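Here are a few exercises for getting to know a new structure. Try each task first, then read the solution step by step.

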Amino acid sequence: MIEGLLIMGVLGVLCGAGLAVASKIFYVYVDPKIEAVEEALPGANCGGCGYPGCSANAAAIVAGKSSPSSCVAGGPDIAEEIAAILGVKVEAREPDIAAPGCSYGYQDADLKYLYDGVRDCRAAVLLNGGSKVCPIGCLGLGTCVRACPFDALSMGPDNLPVVDPDLCTGCGTCERVCPRHIITLTSNSRRIQKEYTTDDCTAPCQRSCPAGINIPAYIREIREGNYLEAVRIIKETNPFPLVCGRICVHPCEYVCRRNLVDEPVAINHLKRFAADFEMKSGERVQVPRAPETGKRIAVVGGGAEGLTAAYFLNRLGHEATVYEGAPYLGGLLRSGIPQNRLPWDVLDYEINGILEAGVQAVTNKKLGRDFTMDSLLKQGYLAVFIATGGWDARLLGKDHDEALRVLPGVGLLVDFLLAQRGGTKLDVGEHVMIVEGGKSALEASRICLEQGGKSVHLVFRNTIEHSPFSEDEIRKAEQQGIEFHFEAALTKMVGEGSSLNSVEISYVADEEQKQTIEIDSLLTGAGRFPELIYVPRVGEGEEGAEIQSPVPWETLVPYPSPFAEQDVGIFRPGEPISDYEAVVEAIGAGRRGASSIQHYLTGEEVKAPEHMIRKNTQVLSLDKLEPVPEAPREKMPERPAEEQLANPDAEIALGYTEDQALREANRCLQCGLICYRRVEKSLH
Ligand code: SF4
Ligand code: SF4
């Protein structure tokens, strides 16, 4: 007995000593800060921070790889607690929220078969892609609901998930488990940068809107009498609902599915109705802004495109300042459209809304006359967006006979040739590049060489076979020292202060094939200055960094619109080479400019999202509908002819009455990709 106790005691002492030695040998230092941060984290292990669990995120936060506010489940209080542990200031984080993107449950969607298997969407999708005909329709088995660690989801009566915004932390678990990518995380910033993709449920009308407005959603709100909510939805992607509601060329209506029944829904008149309601209500709808970033961006040009870019940059949390050469904002909207179509008080209300949202504006200050790119970059702007318009704008202004060189080293080919013909020689330096411009480019090249130029490069997107030049013309031009670059596009300019030093061109067939060419001037054959983003060269102009003088800079090209037929360079086929024909195109370009700047500022590549729906993308749709009762389109009431004669500036179109708007909104079929509202009885 005593022996046994002694043996056990000795064994215990030996084991204890062994463990003590092992703990010294295999000791791993754990930073007490990691333990403290992990303690502060909620322990949900939801993965919403992008790390496999709270421990991994705690280590990443202490290592500086993850933000103290990265825990979506913890919220601002926990972010503050973690920041206090680390002794840093917490940066504000914009909340994400889950958003289901399917509107038609089993009862209303077309089915391929009846599914009666395992109640899990991930299993159901394995059987011929799921039972719905729609390839991106919700399978309705609630896998997302069961996966949500915060009980923020439930299945609604139509078998579609419903989000409780008070409980949703934006952890993204639902997004990760949904086999159909129906639920995605969304926020103000994400919505500003949204381009429709083939994974989204979209109606024909919204796909064709250059501003990307969610048309069925705002018409639904009008139908339900929520007019201000309709305006909020429009302003998500378009800060000019009053203007567009009056002068938009409404490409959406040409593709409206209602055309298969009778006449298109009066989408634009409905937009005007909602926007007029806002103006008359005295209650301005402002869409929330992302937390302030402290980053300053300049926008040159106070027309529709520039104001739109500034509006969205402001909503992305940046400090946006518009510089406009004229004494007023609005550009062609004010100078080119008669008041009886777009009254100035209406335009002013809309522009004031943009300014009230926080955009700064400086009028009567012209780039090239009152300030330069260099002076802007010296002020610490992290990007300068160019939205200066072109010939249409200038013909209506007073400066149509000025040969402008507003961008460092860049001019319009038309200005160069007109000045030459008028007897003025424009100094373009010894090395010149001309982008596009057909035969005029060749004429200008010869003038450059006659005036002492040493090299001229001509850049064309087209193949040599589709160029306007004969073989003989090309051979003779080459003998004179003119170098042709076919199937190429301008992708970057690099300079310093007010000088252009070099450009980069890429080849259309192989974007990676690039060439850098040193030049003094670039003349563009297009009728307007290109939309470019000037940024200080890496390391320059960043917060805290000393700004060099003159400031070295380079340009970025905004990512292509859905209408571009190629992705490389500026002035892509399908995108306008002169002023925009429709204000809504300029608005779309302004939003994409802001989104491209956001990509750059957050370190993302400036490119269109994968699977973006393009003009020629084949999207599943319908060419006939089950019987839908006919209902005539509401007519826009107009000012009587005698009143128009007596007061030619008075607005002609008077806007829908509320009854008309409700009737017209009820004509909308609330289309999804292939689903639509099947109306049993007469719509009226
Ligand atoms: S959203 Fe996705 S996971 Fe949720 S019920 Fe629909 S298909 Fe299933
Ligand atoms: S019916 Fe409505 S949702 Fe469908 S295309 Fe026309 S406006 Fe858009």
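**Exercise 1. Find which residues have the most contacts inside the largest nonpolar core.**

Keep in mind that this is a predicted model. Start with the core itself, a set of 82 residues. The ones with the most contacts inside it are Ile 215, Tyr 218, Ile 219, Ile 222, Phe 240, Leu 270 and Leu 333. Next, ask who contributes: helix H23 (residues 583-601) gives the largest share, eight residues. Then look at the domains: domain 3 (192-288 + 620-684) and domain 4 (290-402 + 529-618) each supply at least three residues of this core.

Now zoom in on Ile 222. Leaving out residues up to four places away in sequence, Ile 222 touches Tyr 227, Ala 230, Leu 270, Phe 273, Ala 274, Ala 661, Leu 662 and Ala 665. Finally, there's another core apart from this one, with 37 residues, including Ile 386 and Val 551.

**Exercise 2. Work out how the buried residues of helix H3 (residues 54-62) are arranged.**

First, list them: Cys 54, Asn 57, Ala 58, Ala 60 and Ile 61. Second, look down the axis of H3: these buried residues fall within an arc of 165°, so they line one face of the helix. Third, check the partners: the buried residues of H3 pack against helix H2 (32-40) and helix H4 (75-86).

**Exercise 3. Describe the shells around ligand 1 and ligand 2.**

Take ligand 1: 13 residues surround it, and the closest are Cys 121, Cys 138, Leu 139, Cys 144 and Cys 178. Sorted by class, that shell has 10 nonpolar, three polar and no charged residues. Now ligand 2: among the residues around it are Cys 205, Cys 256, Arg 257, Cys 668 and Cys 671. Its shell splits into eight nonpolar, one polar and one charged.

**Exercise 4. Is His 181 buried, partly exposed or exposed, and what about Phe 571?**

Begin with the backbone. Most residues other than glycine have a negative phi. His 181, though, has a positive phi near 55°, and Phe 571 has a positive one near 50°. Last, use the cut-off: buried means under 20% relative accessible area. His 181, at 48%, counts as partly exposed; Phe 571, at 14%, counts as buried.

Methods
Residues are numbered from 1 along each chain as its sequence is written. Chains are lettered from A and ligands numbered from 1 in the order in which they are written. This is a predicted model: local features need pLDDT of at least 70, side-chain atom pairs count only at pLDDT 80 or more; totals for chains, interfaces and linings use all residues. Side-chain values use heavy atoms; hydrogens and water are left out. A residue is near a molecule or strand if one of its heavy atoms lies within 4 Å of it. Ala, Val, Leu, Ile, Met, Phe, Trp, Tyr, Cys and Pro count as nonpolar, Asp, Glu, Lys and Arg as charged, and the others, Gly among them, as polar. A nonpolar core is a set of buried Ala, Val, Leu, Ile, Met, Phe, Trp, Tyr and Cys residues joined through side-chain atoms within 4.5 Å. Buried means under 20% relative accessible area, exposed over 50%, partly exposed in between (1.4 Å probe, protein chains only). Helices (H or I, at least four residues) and strands (E, at least two) are DSSP runs, numbered from the N terminus. Domain bounds come from an automatic or database domain assignment. Contact means heavy atoms within 4.5 Å. The arc is that of the directions from the helix axis to the C-beta atoms.
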